[in-house]
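Subject: Structure handover

Hello,

Here is the structure I said I would pass on. Please look at it first, then read the notes below it.

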Amino acid sequence: MGDKVKTINDLMRSINRPVRLMEVCGTHTVAIFRHGIRNLLPEDIKLLSGPGCPVCVTSVKDIETAIGIAGIDGVVFTTFGDMMRVPGDKKSLFNVKAEGCDVRVVYSPLDALQIAEQDKRKKVVFFATGFETTSPSVAGTIMEAEKRDVDNFFIYSVHKTVPPAIKALLDSGEVRVDGFILPGHVSTIIGSKPYDFMASKYGKPSVITGFDADDILSGIMMLLEQIASGKAEVEIQYSRVVKKEGNPRAVDIMNEYFEPEDAEWRGIGTIPGSGLKLKDKFNHRDIKDIFRINVPECSEPKACSCGDVLKGVKIPTDCILFGKACTPEKPVGACMVSSEGSCAAYYKYGPAPDIFK
Amino acid sequence: MDLIQMSHGSGGRMMHQLIKDYFAPAFDLRAFNDSAVIENISEGKIAVTTDSYVVSPYFFPGGDIGLLSVCGTVNDLSVSGAKPFYLTAGFIIEEGFPLDHLKKILGSMKAVSEEIGVKIIAGDTKVVDRGKGDGIFINTAGLGVIQKGINISPSNVRPGDRIILSGTIGNHGISIMAQRNGISFEPALLSDVRPLNRLVELMIKTTKNIHVMRDPTRGGVATTLKEIANDSGYCIMIDEETIGVNPAVKGACDLLGLDPLYIANEGILAAFVSAEDADKLLDVMKSTKEAGDAAIIGEVVETPAQTVLLKTNAGGIRIVDMLSGDQLPRIC
């Protein structure tokens, strides 16, 4: 790994200006902290966190709707654990669970299906959150529910997709980024092609990168090589897992059940075609079609900078709430809630102690 | 199958039969009085601790709630420098609980307490309505004696002290989490639940310079070290490379987005010892079955005060803080 750090230093000398790289995915943000990578890099490489934490980008309105569904008599509301603490307008799913709503943490949508099979009197709803890494398994679970005639299994989909979000960031013009570290696990499903526009239309280098320390250093090195030689390509560092075409079967099943819709991203706003909704022929699985939950217009907490953090415009410590009014114990914004949110990562791991630089 | 009924907890004939058939053979209850009477046990200071056990599932790979309820309390006494002598055990059992499960749990408590020479001298049983408990909850309290001259406290920690960790981390928490969620490992991953009193006795005999010991249970090694850094005022510098993590634990943590440093353990301890005795103590520990994987994982330095720093495998340095809330598995 020392060799890579040396190459990175050499490349930076030849580039001879500060470089700003965005790690799109929260898993990368945390991995960069956990491996202590920031203090291995020269100071003029700035790493920015992007919008790639599904917990962080779930809108206040979607959380309020989830809370509304969980409060209906006879509903078992199932969710991935991360979503439990995310604050809606006033409450979180944790709060309403304590108040008596039947909210359960599951590790996979199949667990939710099993709950539905075991208790047919209940309407079991799965809170379908996450990017392309989770949506195929939700699609697969609906397929199973259809096959096994489990009529009391529903989903509430707030699934999102990564490429439209990056396009929106690039279109906004607010974000100054020289290159992107793209999430390896999303590309195990979608491959590299959906990112081609980043190079062809926007001239931005990107590298699909794995998650251990060596992967991340390699990804950064490959980005710097592109920048140094003035190229812009979509490269795959995580090639032991990611194929250019991704996993066509997983993409097919995702496309069979879901179609794109406009989606609201917390702090960012509506991004065209960045959400996934169930296709019309599976309406009977869509809890929004079973119950009409009317949630009043929700605003995001005042003074919270999650939006700018998610866009890479600010770093967490720029926010006036950070570490004071907003901590992992009492989060205001979603970036502080998720263990993979950038604010939570900055709070937990802190800045690298200067004495070891 | 025989099941626990409400009347098993009502104080009448059925309760007495339950005590006679199940609890008395497992414990050292002597006379059925309202309290156990202990003769003057030893010179030194008395250490007392209590802990409640609510683990679900109550049978898990490598142990059960009974074994855990004895080991947990024995270990809390041990790492305070006390030799454990007596335990009490209180049971809250849900109506409908299978009696053969109770028998198995009591059997584990009997076996381990006999093995380590600790007596369970008082007990209590309550039965709650079906749906009001999660099968079985156990509270144990323990009493031990700290011999003269033994002083285990974070205020003894000094720069230069070495930190010895007695085994690999995360086995208990991950084995439970896996069992709850139907994940299996090949080879099977077992909880590390085990009594540490004999190990500690041997350690205390080996050197007088153990400054503090802790068993990193809930919150894991990270939280334990941060507590000691806070209480002692110094910085604890640890090296990721030296901290043993079973490949199954590492794999599961990668999958679920967890950090093994924060996962619960039930059969390891961290000991802070002066540098000159560290190697000798490590050798003695490694010769035992409880601490075959022991290793020196770091040392105490002056600054930055009240901080734990980790040197990562990649060569970077990061701050290790306390766990906030629960570690929740991530979505992707």
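Is A:Asp149 buried or exposed? A:Asp149 is exposed, because 8 other C-beta atoms lie within 10 Å. For this term, C-beta atoms are placed from the backbone, and a residue is buried with 20 or more others within 10 Å of its own, exposed with 12 or fewer, and partly exposed in between.

Before the rest, a note on the source. This is a predicted model, in which local features need pLDDT of at least 70 and side-chain atom pairs count only at pLDDT 80 or more, while totals for chains, interfaces and linings use all residues. Residues are numbered from 1 along each chain as its sequence is written, and chains are lettered from A and ligands numbered from 1 in the order in which they are written.

Positive phi in chain A

A:Asp149 is not a glycine, yet its phi is positive, about 55°. A:Asp149 sits in the loop between helix H7 (135–147) and strand S6 (153–157) of chain A. Helices (H or I, at least four residues) and strands (E, at least two) are DSSP runs, numbered from the N terminus.

A:Ala303, also not a glycine, has a positive phi of about 70°. Its loop runs between helix H13 (287–290) and helix H14 (306–310) of chain A. A:Ala303 counts as exposed because it has 12 C-beta neighbours inside 10 Å.

Cis peptide bonds in chain B

B:Ser56 and B:Pro57 are joined by a cis peptide bond, with omega about 0°. B:Pro57 lies in the loop between strand S1 (45–53) and strand S2 (59–60) of chain B. Another cis bond leads from B:Thr303 to B:Pro304, where omega is near -5°. B:Pro304 is in the loop between strand S11 (295–301) and strand S12 (307–311) of chain B.

Two helices in chain B

In chain B, the axes of helix H2 (residues 65–79) and helix H3 (residues 99–116) come within 7 Å and cross at roughly 35°. Axes are lines fitted to C-alpha atoms, for helices over the stretch in contact, and angles run from 0 to 180 degrees between N-to-C directions. Residues that make the contact include B:Leu67 and B:Val70 of H2(B) and B:Leu106 and B:Met109 of H3(B). Two residues are in contact if their C-beta atoms, placed from the backbone, lie within 7 Å.

Between the chains

On chain B, 22 residues are in contact with 34 residues of chain A. Strand S13 (residues 317–320) of chain B supplies the largest share of chain B's side, 3 residues.

Regards
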